[in-house]
Amino acid sequence: MIVVAGEALIDLVPQGAGALVSLRPARGGGPYNTAVALGRLGSPTAFCSRVSYDAFGEALLGGLHEVGVDVSSVQRGTEPTTLAVASIDADGSAAYSFYVEGTADRLFAAPDRLPDATRAVSFGTCSLVLEPGASAYEELMRAAAARGVFTMLDPNIRAVLIPDADAYRARFKSWLPSVSLLKLSEEDALWLGGTPREWLASGPAAVVITQGGDGLTVFTQDGSVHSVPGQPVEVVDTIGAGDTVNAALLHGLATRDALSPAALAELGPDGWSELLRFAARAAAITCSRAGAEPPFAAELDAPRGS
């Protein structure tokens, strides 16, 4: 089982141009989207978070149930659901403003244990910024790594939520010894500073950087660099694309029985190219439709162009 730990929220997506257009509520949050994408790909998945009892919270849990994600590790609270108001640029890129004060996911508490079948745990986004939950997720990350569980981190920077950038960058570096696979966007890498080689020296077995339509690149401990191009697609928006990459990487590694640092080292050029191409194709499908709508396994198994 792959456990995804982090926030579930509601994206309010504009249905047109201008400040006062209608907003469509959609289920979201980087970790939530990753869990849904894993479920759609067919990986046994559990979600570890704190979700409101309000109507939005019920809808979020419903979305997980629909794709077979285990929610037994989800905590519940009477606090409201976090809201993220999206704005979509002409190229389909999304930016967000957040309503996070007093919301349920901020009050997450580290669980005593993860499901017995846990093979990997994925972390990232707002959940590692907003206290007191951020410290609880950090505790869970360190504990999982200490037990030898494969960990993946996607910082998925939301700078508007980070009051002290230097403090966050220092905290990010402190996580790296507990990270097996670091995945981040080119923009996040620039914001964080440093280089893939510097990050690898701190602990991760591999660093994957997404470059939008230009594809993906992985840097590995042996000094190798492998890149694949992006999949051509008519972009509707990029909501959930990075989260889909997270899921595709984890799913692909799980099917190869490669959820360990040692196994990552054995993938080689062909293995990494196949895995990255799979992730690029999955992300392209997500970009081709509105909102965070990752593909189902059958869509990726189908012949290209069908």
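Is glutamate 138 buried or exposed? Buried, with a relative accessible area of 16%. By buried I mean under 20% relative accessible area; exposed is over 50%, and partly exposed is in between, with a 1.4 Å probe and protein chains only.

Before I go on, the ground rules. This is a predicted model, where local features need pLDDT of at least 70, side-chain atom pairs count only at pLDDT 80 or more, and totals for chains, interfaces and linings use all residues. Residues are numbered from 1 along each chain as its sequence is written, and side-chain values use heavy atoms, with hydrogens and water left out.

Salt bridges next. The criterion is a side-chain nitrogen of Lys or Arg within 4 Å of a carboxyl oxygen of Asp or Glu. The structure holds 14 of them.

Back to glutamate 138. Its salt-bridge partner is arginine 142, with 3.3 Å between the closest N and O atoms. Both residues sit in helix H3, residues 133-146. They are 4 residues apart, about one turn of the helix. A word on element names: helices (H or I, at least four residues) and strands (E, at least two) are DSSP runs, numbered from the N terminus. Arginine 142 is partly exposed, at 31% relative accessible area. Shared partners extend this into one network of salt bridges: Glu131, Glu138, Arg142 and Arg171.

Arginine 50 is buried, at 14%. Glutamate 79 is buried too, at 17% relative accessibility.

The closest N and O atoms are 3.0 Å apart. Here the separation is 253 residues. Arginine 40 belongs to helix H1, residues 30-41. Glutamate 293 lies in the loop between helix H9 (268-287) and helix H10 (297-301). Arginine 40 is buried, at 16%, whereas glutamate 293 is partly exposed, at 34%.

That pair takes us to the pockets. The method uses a 1 Å grid over the protein atoms alone. A pocket is an open set of points with protein on both sides within 12 Å along at least five of seven lines. A cavity is a set of points where a 1.4 Å probe fits but cannot get out. Lining residues have an atom within 4 Å of a point. Grid points are joined across faces, edges and corners, and a volume is the space filled by probe spheres set on the points.

The second largest pocket has about 270 Å³ of space. It is lined by 18 residues. Nearest its centre are Arg27, Tyr32, Arg40, Ala292 and Glu293. H1 gives the largest share of that lining, 4 residues. By class, the lining has 9 nonpolar, 3 polar and 6 charged residues. For the classes, Ala, Val, Leu, Ile, Met, Phe, Trp, Tyr, Cys and Pro are nonpolar; Asp, Glu, Lys and Arg are charged; the others, Gly among them, are polar.

The largest pocket holds about 1100 Å³. It has 47 lining residues, and the closest to its centre are Ser185, Glu187, Thr238, Ala241 and Gly242. The lining splits into 21 nonpolar, 17 polar and 9 charged residues.

Now the cavities. There are 3 of 30 Å³ or more.

Next, serine 127, in the loop between E9 and H3. Serine 127 is buried, at 5%. Its contacts, meaning heavy atoms within 4.5 Å, include Ala5, Pro31 and Tyr137, not counting residues up to four places away in sequence.

Last, a hairpin. Strand E13 (residues 216-220) pairs with E14 in the antiparallel sense, over 4 bridges. Pairing requires at least two DSSP bridges between the strands. Leucine 216 has valine 228 as its bridge partner. The turn has 4 residues between the strands, and glycine 223 there has a positive phi of about 90°. In E14, residues 225-228, the covered face is His226 and Val228, and the uncovered one is Val225 and Ser227.
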